[in-house]
Every structure is written in structure tokens, then in C-alpha cells.
Amino acid sequence: MPEPVYLDYAATTPVDPRVAARLIQHLTLDGGFGNPSSTTHPYGRTAAQAVEMARAQVATLIQADPREIVWTSGATEANNLALRGVMALSRHPRRHLITAKTEHKAVLDVCRALEQDGCAITYLDPEPDGWIAPERLAAALRPDTALVSLMHVNNETGVIQDIAAVGAITRQHGALLHVDAAQSVGKLPLNLQTLPVDLLSLSAHKLYGPKGVGALYIRQFPVRVRVQPLLYGGGQERGLRAGTLPTHQIAATGEAFRIAGEDMVVEQAQIRKERDRLWRALLKLGGVTLNGHPEQNVAGILNLSFAGITAEALLAATPEIAVSTGSACTSAGHEPSHVLRAMGCDARRMRGAVRFSLGRFTTREEIDVAIAAVSMAVQRLRALSPFQ
Ligand SMILES: *Cc1c(COP(=O)(O)O)cnc(C)c1O
């Protein structure tokens, strides 16, 4: 049996061959392997140039200034740095943070830790379609609210939040806004010249870059947002994130973001076309429910529940495709998805949820394989099952 069709791009993406070529350039003696902090010789200076070029490439994609980009080990660290870093400097009585129940664990688990440190946290409820109504945020703001943290695109459902509306409310109130954009950067336009966002988390491996690298955008213009570091050491990244910069990871990230900027519009239209074709074909099976918002969604994600069938049974019956139940992290723990739970899904719908996620290398033929495999499996499992 050949390898299954990869339809789990929301968990991670394969590295684009152009990005891999770039990464390899910065590993060996004949390449730019140097320590970017070693400014006394050309090895270090070449590496530093590669790092600064990548910083500019990341900044360009989100229309930020390169000085606003801090390299991290990924979006998890960026979220930790944003939330912990802001709340650590937020003086009494500004100790309140607002987030949503549908956030990634890399935000929710930080919030739990902040609660232990004495911060007050409000967890907003989404509507049944995953949308966070800006009015709910407005109602939750308190005089002591220091920070709001909301993701742009949800990794399980693909639902897009109205960051511009959220940012307008937050700014008017005098609080800061952090956005986890790991699932939206390079897929939706992000313009930090106009968006009232103060901190934004990025990851490379959701955008055809390598795992283990990402960045935090920290607004410097017109007003500097201050953040306390998590790591202390060599003073890299203007003291905000110590540690020798991984030149190869960073150069590769720059290339991944550059390619996304060039191809985003055409690529997303193509992905949406195939995603919608998959969706229409599976709807014909009947008893299929969308977990998410029918319009406010990113192109590559489709989260569906099939009545009468558990996700585990469906996955076992479709070895032709590689998809996930809920989110990748949740499926490891065999717990129902906290995102779907927050959206008010009942237990059967949560147990039946399957996430298909498409990307750059998804072909029409692969979607044909997925449609055939899932249709066959659903019909077979339903014929076996006495309950419908
Ligand atoms: C993948 C993901 C993260 C974690 O990013 P890493 O770079 O793997 O640490 C955080 N938030 C969202 C929304 C994600 O999809």
C-alpha cells in the first residue's frame, strides 16, 4: 500500500523543497554556518546577514518593521513570551487578561500558569459556529484588563476571527492585543500598519518551513510595547530572547515567508476550490455536520462530524488518507476537543469530528482518493451500525 494521502497540513506542513535548499546552505563549512553574533570574521557576518534578510522577509509578509520581529523556537514560545512577558511588567492593578475557550493550548496553558501567579483570566465563550462576538469581548473588559489574547484562525475548525474589530475595541480601552497567527500567516493578508495588534505569534512549520522556529512580532511604532524576557543569556535579540540564533532555521523561515507572500492569493484560491469540492461530495452522504463557520473560515481546513460514526472508526476504515481527529495534540490525549466542547457540541458530535486539512501540495487526484475512501467507509460503517 502506498503512503496515505497527507491531509493534515494544519498539524504541520512538509518543508518546501526551495526552503529545504535554503536550510542546507547554512549547515556546512562551505556554507553560512557561522554564529551570527561572531562579528569579528566573515563566517559570523555572513550568518548575521542571512538572519537579517530573513527578518526583513518575515516583516514584509505582515507589513511590520524588521526591528519588531524577535526569533523564537516557534509559536508556543512566542505565545509564552507575549503573555508572560506582558503580564510580568503589567503593574498592579492591571492584572486581568481576556482570552477565549477555543484558543490553542499554547495560550490556554500559559493562562493557567498566570492564574497560579495571581492574574485574573476571563475565558470568552464562542458562538456555536466558533465565532467570538466582539461584543462579548467589549462586555468582558474591566478597568484592570491589561491584555487580550485571541487567535486569528482556529487550528481545529479554521474559523477566522475579526481581528480588526477586536483590536479597535481593545485599543480604545487602553489594553494590549496579542494574536496567535500560526494558522493564518501566509494564508490570509496581515497588515500590521493598519491592524491594531500589539503582539503576534508566528510559526514556520505551518507554512512549509522547518519545525522548531518561529517569531514574535512586538510593536515598536508608534509606541513601544514592553515585554519581559523568558530566557536570559547572551543578550541576543536585544535581550528579549537569549540563545545562539539557529541560522539555518531562520534563513529557511525567511524563504518560506517570502514564497508565501508571492503565492498566497493563487494558492489559497486553489486550496479553497479543492476543499469545497471535498465538502460538497461528503455532504451528499447525509448526516454530515460542519464543525465551524460556513463562511468565516480559512481555505485549507474542513472539520466534519458524521452521524452514527466515531472519528476513530472512520480513521481506522480509511487507511488511504492521513487526517486527524480534533487537533493533533488532542488526539494524542484521547480527550474530546476543548474547542468543540466550547462551541457546545454534544458528546457524539465531538467523538465523530474529523479534521481534513489541505495545503500547497494537495492535488485534485488526492482529493478524489479522499472522497472515494471516506464515502465508502461511511456507507459501510453505517450499514454495520444498528444506531443511526
Ligand atoms: C501549531 C500551533 C501553535 C504551536 O506552534 P509551534 O511552532 O509548533 O510551537 C500555536 N498556535 C496555533 C494556532 C497553532 O496552530
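In which helix is Gly85 found? Gly85 belongs to helix H3, which covers residues 75-89; helices (H or I, at least four residues) and strands (E, at least two) are DSSP runs, numbered from the N terminus. This briefing concerns a predicted model, in which local features need pLDDT of at least 70 and side-chain atom pairs count only at pLDDT 80 or more, whereas totals for chains, interfaces and linings use all residues. Residues are numbered from 1 along each chain as its sequence is written, and side-chain values use heavy atoms, with hydrogens and water left out.

- Gly85 counts as buried, at 0% relative accessibility; buried means under 20% relative accessible area, exposed over 50%, and partly exposed in between (1.4 Å probe, protein chains only).
- Leaving aside residues up to four places away in sequence, Gly85 touches Asn80, Arg226, Val227 and Gln228, where contact means heavy atoms within 4.5 Å.
- The C-alpha atoms of Gly85 and Gln228 are 4.3 Å apart in space, although the two residues are 143 apart in sequence.

**Ligand surroundings**

- The residues around the ligand are Gly74, Ala75, Thr76, His104, Met151, Asn155, Asp180, Ala182, Gln183, Ser203, His205 and Lys206; a residue is included if one of its heavy atoms lies within 4 Å of the molecule.
- Ala75 places a backbone N or O atom 2.9 Å from an oxygen atom of the ligand; a polar contact is a pair of N or O atoms within 3.5 Å, and within protein one must be able to donate a hydrogen and the other to accept it, with residues adjacent in sequence counting only if both atoms are side-chain atoms.
- Ser203 has a polar side-chain atom 2.7 Å from an oxygen atom of the ligand, and a polar side-chain atom of His205 lies 2.7 Å from an oxygen atom of the ligand.
- The protein buries 88% of the 380 Å² that the ligand exposes when taken alone; accessible areas come from the Shrake-Rupley method with a 1.4 Å probe, and for residues only the protein chains shown count as cover.

**Aromatic pairs**

- The structure holds 4 aromatic pairs; rings of Phe, Tyr and Trp (its six-membered ring) pair if their centres lie within 6.5 Å, and planes under 30 degrees apart count as stacked, over 60 as edge-to-face and the rest as tilted.
- Phe33 and Tyr43 form a tilted pair, with 5.6 Å centre to centre and 55° between the planes.
- Phe33 lies in the loop between helix H1 (17-24) and helix H2 (42-61) and Tyr43 in helix H2, so this pair ties together parts that are 10 residues apart in sequence.
- Phe33 counts as partly exposed at 37% relative accessibility, and Tyr43 counts as partly exposed at 44%.
- Tyr208 and Phe361 form an edge-to-face pair, with 5.8 Å centre to centre and 90° between the planes.
- Because Tyr208 lies in the loop between strand E7 (199-203) and strand E8 (214-218) and Phe361 in the loop between strand E13 (353-357) and helix H12 (364-384), the pair ties together parts that are 153 residues apart in sequence.
- Tyr208 is buried, with a relative accessible area of 3%, whereas Phe361 counts as partly exposed at 35%.
- Ring pairs link Tyr6, Tyr9, Tyr208 and Phe361 into a cluster.

- Glu267 touches Tyr208 and Arg360, not counting residues up to four places away in sequence.
- Glu267 lies in helix H7 (residues 247-283) and is buried, with a relative accessible area of 14%.
- Asp263 also has its place in helix H7, but counts as partly exposed at 25% relative accessibility.
- The C-alpha atoms of Asp263 and Leu302 are separated by 21 Å, with the residues 39 apart along the chain.

**Backbone geometry**

- Most residues other than glycine have a negative phi, and most peptide bonds are trans.
- A cis peptide bond, with omega about 0°, joins Phe221 and Pro222; Pro222 is found in the loop between E8 and H7.
- Gln63 is not a glycine, yet has a positive phi of about 55°.
- Gln63 is placed in the loop between H2 and strand E2 (69-72) and counts as partly exposed at 41% relative accessibility.
- Tyr208, likewise not a glycine, has a positive phi of about 70°.
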